[in-house]
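Here is a quick walk through some local features of this one. Have the sequence and the model open while you read.

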Amino acid sequence: MKMKKLQAILLAGILCLGGVSTVWGGEFSDSTHAEKFSEGDDQDAGEVGVFTDDTPRAGDILTSGSEGTDGSGTDASGEDYAVKLISDGNSINIHYAMGQDRFNLFGGMYIKNVGKKDISLNVTSQKYIEPILNYPLSAGEEDTLEFDPIEANMVMGEFSDDILTIEDATGNIHIELEIHLSVTGDGGFSVDKKELDFGEYHKGENMPAPQTVAVNVEEETDLYNGDWELLWKKGDLKGNLEGNVDAAFDKEFKTITVTPRADLEPGEYEGYLSVRNEDIDNYGHQEDIKIKITVLPEKPDNDYVVRVNSDVLNLKLDLCDEDAWHFYGAISITNIGDKPVDIDIKDSKYAEMVLENNTSVAQPGETIYYTCEPVFRNIVVGEYTDDKIIVTDTTGKINIEVPVHVTVTGADVFTLDRNELNFGSFVKGQTPPLAQGVIPTVKEGYSVLAGEWTFIWESKELEDSFNAYYDKTLKSFVIGPKNSIEPGYYSGRLSVRNGGIGNGEIGQKDITVKLTVKHPVPKITKVTVNKNMITVNISRLKGETYDCSIISKGTGGKEKTVRAAANRTGTKVVFRNVPKGVYEIRACGVYEGMDGTERTEASVYKNVKINTVTPARPVMEASVSGRNVKLKVSIPKNAAGYNIRIGTAQSKSDDSKTVIYAPAKTVYSKNGQTAKTVTVKNLKKGTYYVGVQAYSIQNGQKVYSQWSKLQKIVVS
């Protein structure tokens, strides 16, 4: 009896690369013989879903294991299967592989036929995954089905639902999985600069020259002629670039030119210029360029900051470097008119204004002096800040805002027993170096207890990577790396200050901190051999990449790299169709260092044996006549036959960086061929990739070769 549809709701929070466990749960229902197997249980991805039917009958589909078992199964990596389906002697195990590259989830599905009959599977989806049709799976055979996205349906940042359907030709095996796809998008193009710093200049003088940024499209294309969109965005930065900075794309030179406008008012401007081109890909990709500009006030004439012509009043700013504060000297106001003027100066954030005489009325020809006292509670040592002083009169005709840039230095009221800490180096994941102490000595007459010590790191990276505090018992600063510190070279400055020392004077000292954190070596935890396939399980640190290689040693210890997988991020590497021999597996971390790409020392797994003889790679030649394709195949001597596959795309056959491709998006397949010439008839119009794969029979099992060199054909 034909079954009803088996539905499985797979609630998968598919995350970015790296083995974050997903969780699925829900309800399986099936057939006319069982209303429900189980419902409502949450389960970690990779665990077996054991769903039993109280009254199994012929034609019924169970999700339990084979008779007398608990339904468990493992793939080549030793991990549990997610689902096991059994019907009429046919059975398949399904295991999901995490996705990679552009689209989360689009990695593959690990399938094994653990039944006694050959089956042919169709894997389709409603919207996002290209179908895999008529895919043969012999009894006992296992393989990984790679998913290819339908790119025309993808939108970057979309979190969408899709239904993945797996069924065989008999209709006895049928499962629908609800999947949630998170689409991340791809590059398509890049810019050669991520930051433009125009420095600082005085308004009206020394305008900075325009700066250009080259735009690089990844492949040879005429898409430079498309519509480039330049968008300004502020983000968490200050200032407003839109309307103050010009930007234009030059199609001839393939550059973006950024020009500050001449009428920029004094201030600090920061923001992002976002670059987009919808013609390059339809995923909404963009590149952001950070832009920084500092405009200083115009330089005064005749030492006057402001001259107010309406009431004939001059405001003169007397600069001073006394004590610990730059600028905090005095302000003098000279009335060069013929009328008395009542002056009012408002305190600013960083300066308290103190009138030196008892009157604020400036008589004709009189100069009034104000002294500036710092507002200590608002001062941060080493900070460069904007401030302004406001000058008004009682009539309201005089209203002047004088911009002031305040640079704060330190007062020398304490010393340190050392000014540099070198922590050496260690490997990420190991125990970090012990914290080190620095002892402060306060000048005679001052008390440390009068205030709290403050630590200011030179950068956010240093602040996030190191601890610093004052230990009152040890009477010492304790400084050391955090356990969460990331690999890299750290060298920077820690500023120590205490606002309570010396009745308002703020002392500051700097300590140089140095540390090198090395990248960890990926560990090979397990190597599994299945006929001529090697699966390598690797324990790695999140965010790190690695290379994995198969090495053979000849006479005299001479080494040869047989296969290599580069810049991997997952926890498993698969090498197919490996020749017979004894090998050594190596894995080393890969990262970008100061001198370019660098690698760690290697983790080694020795004496990996392939006892199976892998057939030689077959040679194939295809010719097109009308809608028919004629294949001439040279079969290797040690092969029993070959399989034919025709697809509309091609994909790498395993994880090796060696470019051996297999047909993908299969539209035609034929197994068990031995003839030297085969004709495939009545193909639809289109472009195809044709390949053959030889096999031999060893110990009753098929052993496959690498795919032949694929041939691209066009049926018109």
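## A charge over a ring

Let's start with a lysine: K702 lies over the face of Y695, and the distance to the ring centre is 4.8 Å. Keep in mind that this is a predicted model.

## Aromatic pairs

Searching the whole structure turns up nine aromatic pairs. Two of them, F414 with W453 and F455 with F477, are set out here.

| Pair | Centre to centre | Angle between planes | Geometry |
|---|---|---|---|
| F414 and W453 | 5.0 Å | 80 degrees | edge-to-face |
| F455 and F477 | 5.4 Å | 90 degrees | edge-to-face |

Where do F414 and W453 sit in the chain? F414 belongs to strand β29 (residues 414–416) and W453 to strand β33 (residues 453–457); they are 39 residues apart, and the pair links distant parts of the chain.

Are F414 and W453 buried or exposed? F414 has a relative accessible area of 0%, so it is buried. W453 comes in at 10% relative accessibility and counts as buried too, because the cut-off for that label is under 20%.

Put together, ring pairs join F414, W453, F455, Y470 and F477 into a cluster.

## A hairpin

Next, a pair of strands. β16 (residues 245–250) and β17 (residues 255–260) run antiparallel, with six bridges joining them. Four residues lie between the two strands, and K254 in the turn has a positive phi of about 60 degrees.

## A three-stranded sheet

Strands of a sheet pair through backbone hydrogen bonds, either parallel or antiparallel. Which kind of pairing is found in the open sheet β38-β39-β42? Its three strands, in that order, pair in antiparallel fashion. β38 (523–530) and β42 (572–575) are the edge strands, each pairing on one side only. On average, neighbouring strands of this sheet are turned by 15 degrees against each other, direction ignored.

How many bridges join β38 to β39? There are seven, between β38 and strand β39 (residues 533–539), and these two run antiparallel. Here I524 stands opposite I538 in β39.

Conventions: Residues are numbered from 1 along each chain as its sequence is written. This is a predicted model: local features need pLDDT of at least 70, side-chain atom pairs count only at pLDDT 80 or more; totals for chains, interfaces and linings use all residues. Side-chain values use heavy atoms; hydrogens and water are left out. Two strands pair if DSSP finds at least two bridges between them. Rings of Phe, Tyr and Trp (its six-membered ring) pair if their centres lie within 6.5 Å; planes under 30 degrees apart count as stacked, over 60 as edge-to-face and the rest as tilted. Buried means under 20% relative accessible area, exposed over 50%, partly exposed in between (1.4 Å probe, protein chains only). A charge sits over a ring if NZ of Lys or CZ of Arg is within 6 Å of the ring centre and within 35 degrees of the ring normal. Axes are lines fitted to C-alpha atoms, for helices over the stretch in contact, and angles run from 0 to 180 degrees between N-to-C directions.
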